[in-house]
Amino acid sequence: MSSLKALSIVSFLFVALHFPSVHAATFDITNKCPYTVWAAAVPGGGRQLNNGQKWTISAAPGTTQARIWARTNCKFDGAGRGSCQTGDCNGLLACQGYGSPPNTLAEYAIGQYANQDYIDISNIDGFNVPMEFSSASAGCTRVIKCTADIVGQCPKDLKVPGGCNGPCPVFKTDKYCCNSGTCGPTPFSRYFKERCPDAYSYPKDDPTSLFTCPTGTNYKVIFCP
């Protein structure tokens, strides 16, 4: 065996042993709402979804600070420019950045410490569309839902057309946004937590709101499950 071939085999074995096989997670995004939504994802872009339609995206291990959400009451021209009542991302159909509150968020990070994915639903930026975020793989049974009538019962200080804002985007103070890292729950955050106990209601809500699945899991996001 040539030394070059032997070196190649050794290199391959080193990579195989020290770096698990790269698996891009897939996300099947389905609209079960009786109305049209414009699904958005960073990374991923955006797409109009009528009732019953599905859009599939993927994310590579190492992806962090990723979000999926629904936009409502949108109008776009042929160039993909326009606006949405909730969840708008700088007037683009194919989002390049995060959406404007209020928007119910599915958040994730893929291929993190100990080969784990981190997933959550967040109402920190408010709520606009009921959501389920769950595993689509046999190796993880996690199901997160936020389906309460948050918009209909929204406190008047947080209510906006089409949604219910989180207190941080409204008041922009440390009490609600936790810029100092030492905030706690508030009456406004409890409003969300009581209705969606598995979802983030304020920035330090990790113990009851952040979940894991093994890296290699595929996922589904359902609007109006």
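1. Overall chain. This is a predicted model, and the points that follow should be read with that in mind. The protein chain contains 5 helices and 15 strands. Its C-alpha trace spans about 75 × 45 × 30 Å along the principal axes. Of the 225 residues in the protein chain, 45% are buried.

2. Sheet order. Six strands form an open sheet with antiparallel pairing, in the order β3-β2-β5-β8-β9-β14. The edge positions are taken by β3 (45-49) and β14 (211-214); each has a single partner strand, so one side of each is left without a neighbour in the sheet. On average, neighbouring strands of this sheet are turned by 20° against each other, direction ignored.

3. β2, residues 37-42, and β5, residues 66-71, are paired in the antiparallel sense, and 5 bridges connect them. As background, strands of a sheet pair through backbone hydrogen bonds, in either a parallel or an antiparallel manner.

4. Nonpolar cores. The largest nonpolar core has 44 residues. Which of its members touch the most other members? They are Phe27, Ile29, Ile68, Tyr108, Phe133 and Phe223.

5. Largest pocket. The volume of the largest pocket is about 220 Å³. Its lining consists of Arg67, Leu105, Glu107, Ser122, Ile124, Asp125, Cys168, Cys177, Tyr200, Pro203 and Asp206. By class, the lining of this pocket divides into 6 nonpolar, 1 polar and 4 charged residues.

6. Cavity. How many cavities of 30 Å³ or more does a search of the whole structure find? The search finds 1. About 30 Å³ of space lies in the largest cavity, a volume to be read against the search cut-off of 30 Å³. Pro167, Lys175, Tyr176, Gly184, Thr186, Ser189 and Tyr202 line the largest cavity. Its lining residues comprise 3 nonpolar, 3 polar and 1 charged.

Methods
Residues are numbered from 1 along each chain as its sequence is written. This is a predicted model: local features need pLDDT of at least 70, side-chain atom pairs count only at pLDDT 80 or more; totals for chains, interfaces and linings use all residues. Side-chain values use heavy atoms; hydrogens and water are left out. A nonpolar core is a set of buried Ala, Val, Leu, Ile, Met, Phe, Trp, Tyr and Cys residues joined through side-chain atoms within 4.5 Å. Buried means under 20% relative accessible area, exposed over 50%, partly exposed in between (1.4 Å probe, protein chains only). Two strands pair if DSSP finds at least two bridges between them. Helices (H or I, at least four residues) and strands (E, at least two) are DSSP runs, numbered from the N terminus. Axes are lines fitted to C-alpha atoms, for helices over the stretch in contact, and angles run from 0 to 180 degrees between N-to-C directions. On a 1 Å grid over the protein atoms alone, a cavity is a set of points where a 1.4 Å probe fits but cannot get out, and a pocket is an open set with protein on both sides within 12 Å along at least five of seven lines; lining residues have an atom within 4 Å of a point. Grid points are joined across faces, edges and corners, and a volume is the space filled by probe spheres set on the points. Ala, Val, Leu, Ile, Met, Phe, Trp, Tyr, Cys and Pro count as nonpolar, Asp, Glu, Lys and Arg as charged, and the others, Gly among them, as polar.
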